[in-house]
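I opened this entry to note what I looked up in the model.

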Amino acid sequence: MARPSSPTPTPSEQAILEVLWDRGEASVREVADALSQHKPVAYTTVLTTFNVLAKKGFVTHRQEGRAFVYRAAISREQARRQALDQLLLRFFEGSPNLLAQHLLDQDEVGRDELKALRAKVEAAKQRGNG
């Protein structure tokens, strides 16, 4: 049975999106070459992953000669938001408060980080978000 499609980019899909976010647009060959600098990757694997990304609506493409040139259809921020929303729903009952409490309980938070968090909370209160 086929695995259900992930609503957020998988690690291999994100690696391709990272190349596109950095370059603006790129061909399959250019992305394969960029990814191969870290770990060997086959052109056909990148092409297949681009097809999945296109079906999910994460990339668009245009034809340039015989090659397709791809561009990310979502920004890094949109991808982060989707991933965070999924994390909140799956593990924290949709509650940012539960996530924040978990992070503060589990991770050692430095004085400077706490100061920055307090400033963010105060800014949100000023905007009427808190």
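Which residues line the second largest pocket? I worked from a predicted model. The lining consists of S12, A15, I16, L35, H38, K39, P40, V41, T45, V46 and T49. I read the pocket's space as about 200 Å³. By class, I noted six nonpolar, four polar and one charged residues in this lining. I then checked the helices. Both α1 and α3 supply at least two residues each to the lining of the second largest pocket.

Next I looked at how these two helices pack. Helix α1 spans residues 11-23, and helix α3 spans residues 43-56. I noted an angle of about 85 degrees, with the axes 10 Å apart. The range 65 to 115 degrees counts as roughly perpendicular, so I logged α1 and α3 as roughly perpendicular to each other.

Which residues meet in this contact? From α1 I listed S12, E13, I16, L17 and L20. From α3 I listed V46, T49, F50, V52, L53 and K56. The contact residues divide into seven nonpolar, two polar and two charged.

I moved on to the largest pocket. Its volume is about 760 Å³. I found 21 residues lining it; P96, A100, L117, K120 and V121 are the closest to its centre. Which elements give two or more residues to this lining? They are α4 (76-91), α5 (96-106) and α6 (111-127). The largest share comes from α6, with 10 residues. By class, I logged 14 nonpolar, two polar and five charged residues for the largest pocket.

Last, I looked up the strands. Strand β3 covers residues 67-72 and pairs with strand β1, residues 25-27. This pairing is antiparallel, over three bridges.

How many bridges join β2 to β3? I noted six, with the strands running antiparallel. Strand β2 covers residues 59-64. Here V59 has A72 in β3 as its bridge partner. I also checked the turn. β2 and β3 form a hairpin with two residues between them. In that turn, G65 has a positive phi of about 70 degrees.

Definitions and conventions: Residues numbered from 1 in each chain as written. Predicted model: local features only at pLDDT ≥ 70, side-chain atom pairs only at ≥ 80, totals over all residues. Heavy atoms only, no water. Axes fitted to C-alpha atoms, helices over the stretch in contact; angles between N-to-C directions. Helix = DSSP H or I, 4+ residues; strand = E, 2+ residues; numbered from the N terminus. Parallel < 35°, antiparallel > 145°, perpendicular 65-115°, else oblique. Contact = heavy atoms within 4.5 Å. Nonpolar A, V, L, I, M, F, W, Y, C, P; charged D, E, K, R; others polar. Pairing = 2+ DSSP bridges. 1 Å grid on protein atoms, 1.4 Å probe; cavity = no way out; pocket = protein on both sides within 12 Å on 5 of 7 lines; lining within 4 Å. Points joined across faces, edges and corners; volume = space filled by probe spheres on them.
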